[in-house]
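Trainee: I have just opened this model and would like to learn how to read it. Could you walk me through it?

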Amino acid sequence: MLPTPSQEDNLSTTLTFPATVSPVRHILTKVPEVTLIFWVIKVLATTVGETAADFLNVDLGLGLSITSVIMAVLLVAALIVQFRLHKYTPAVYWLAVVLISVVGTLITDNLTDSLGVPLWVTTVVFAIALAATFTVWAISEKTLSIHSIFTTRRETFYWLAVLFTFALGTAAGDLVAEGLNLGFLVALLVFAAAIALVAVAYFVFHLNAVLAFWIAYILTRPLGASTGDLLSQPLADGGLGLGTTGTSVLFLAVILILVIVLTRRARSAGARLTATI
């Protein structure tokens with residue numbers, strides 16, 4: 001298991017600097033605790049991002065342009081609701097993550113399939129964009145910890161970084177699986193091994209918790225994309241032939257169940273807090 005909130009706060013000395021007060025309104029924390037359920041839903045959401053994009057684009061025949069417009073509008077609507085909330089709400093937060101996963105996939109697909117941009121180029125471009133986001137975020141807010149997301153500006157940096165991680169992960173996953181002709185299963189194993197190395201670096205060699213979190217967060221995107229392709233693509237293309245519809249429905253159902261669990265936990269915690277006041 002990767003860094004928990006308390007561990008991240010205690011170990012984030014490298015990427016966390018002296019606290020400053022952002023000149024925007026303060027709000028309650030807007031992101032979930034980093035638990036096992038967090039990582040499970042994150043991987044499931046990244047898989048859905050891959051399969052749902054293919055389902056809408058190919059299976060329903062909407063095409064990349066129409067699919068991209070529809071999902072972008074839905075994402076903007078979800079983020080508007082997310083930004084207006086004053087605390088972390090599981091249903092809204094994870095809906096935004098699923099939608100941003102789909103949009104991130106579509107951004108890369110539009111660049112590679114419609115505009116013919118090579119996968120290695122999109123991978124490099126999104127890596128630079130993500131690095132630039134982290135740099136500006138760290139300079140302006142003095143921290144990259146997700147447990148410091150209590151201002152609107154920090155939340156803006158957070159969601160921008162999340163979007164670039166999904167776009168980068170899609171490009172990197174496709175580059176390894178298709179560009180290098182390694183196949184979906186090998187790509188899945190490569191990224192799973194990379195995440196395992198991050199865990200070892202964190203637990204054994206005490207890698208900075210904030211750095212470990214974001215590296216793992218980035219790597220779970222191509223892991224999920226490779227998993228989605230492996231499950232949904234035809235046998236002739238190296239997949240298991242479950243189809244984009246079945247894979248998307250299955251993973252969305254699991255996400256829904258876990259979000260319901262988180263919502264009930266949040267309500268119970270809120271009720272206990274109210275009782276103690």
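Mentor: Gladly! Let's begin with pLDDT, the predictor's confidence in each residue, from 0 to 100. This is a predicted model, in which local features need pLDDT of at least 70, side-chain atom pairs count only at pLDDT 80 or more, and totals for chains, interfaces and linings use all residues. Residues are numbered from 1 along each chain as its sequence is written, and side-chain values use heavy atoms, leaving out hydrogens and water. Here the protein has a mean pLDDT of 84, with 87% of its residues at 70 or more.

Trainee: How many helices and strands does the protein have?

Mentor: There are 9 helices and 0 strands.

Trainee: How do I read a pair of packed helices?

Mentor: Two packed helices are described by the angle between their axes and the distance between the axes. Axes are lines fitted to C-alpha atoms, for helices over the stretch in contact, and angles run from 0 to 180 degrees between N-to-C directions. In this model, α3 and α6 pack at about 150 degrees, with axes 11 Å apart. Leu79, Gln82 and Phe83 of α3 meet Thr152, Glu155, Thr156 and Trp159 of α6; contact means heavy atoms within 4.5 Å.

Trainee: What is a nonpolar core?

Mentor: It is a set of buried Ala, Val, Leu, Ile, Met, Phe, Trp, Tyr and Cys residues joined through side-chain atoms within 4.5 Å. Buried means under 20% relative accessible area, exposed over 50%, partly exposed in between (1.4 Å probe, protein chains only). The largest nonpolar core here has 72 residues, and Tyr93 and Trp159 are among those with the most contacts inside it. Helix α6 gives the largest share of this core, 12 residues. Leaving aside residues up to four places away in sequence, Tyr93 touches Trp159, Tyr158 and Phe38, among others.

Trainee: Is asparagine 181 buried or exposed?

Mentor: Asparagine 181 counts as exposed, at 67% relative accessibility, and sits in the loop between α6 and α7. Its phi is positive, near 55 degrees, though the residue is not glycine.

Conventions. Helices (H or I, at least four residues) and strands (E, at least two) are DSSP runs, numbered from the N terminus.
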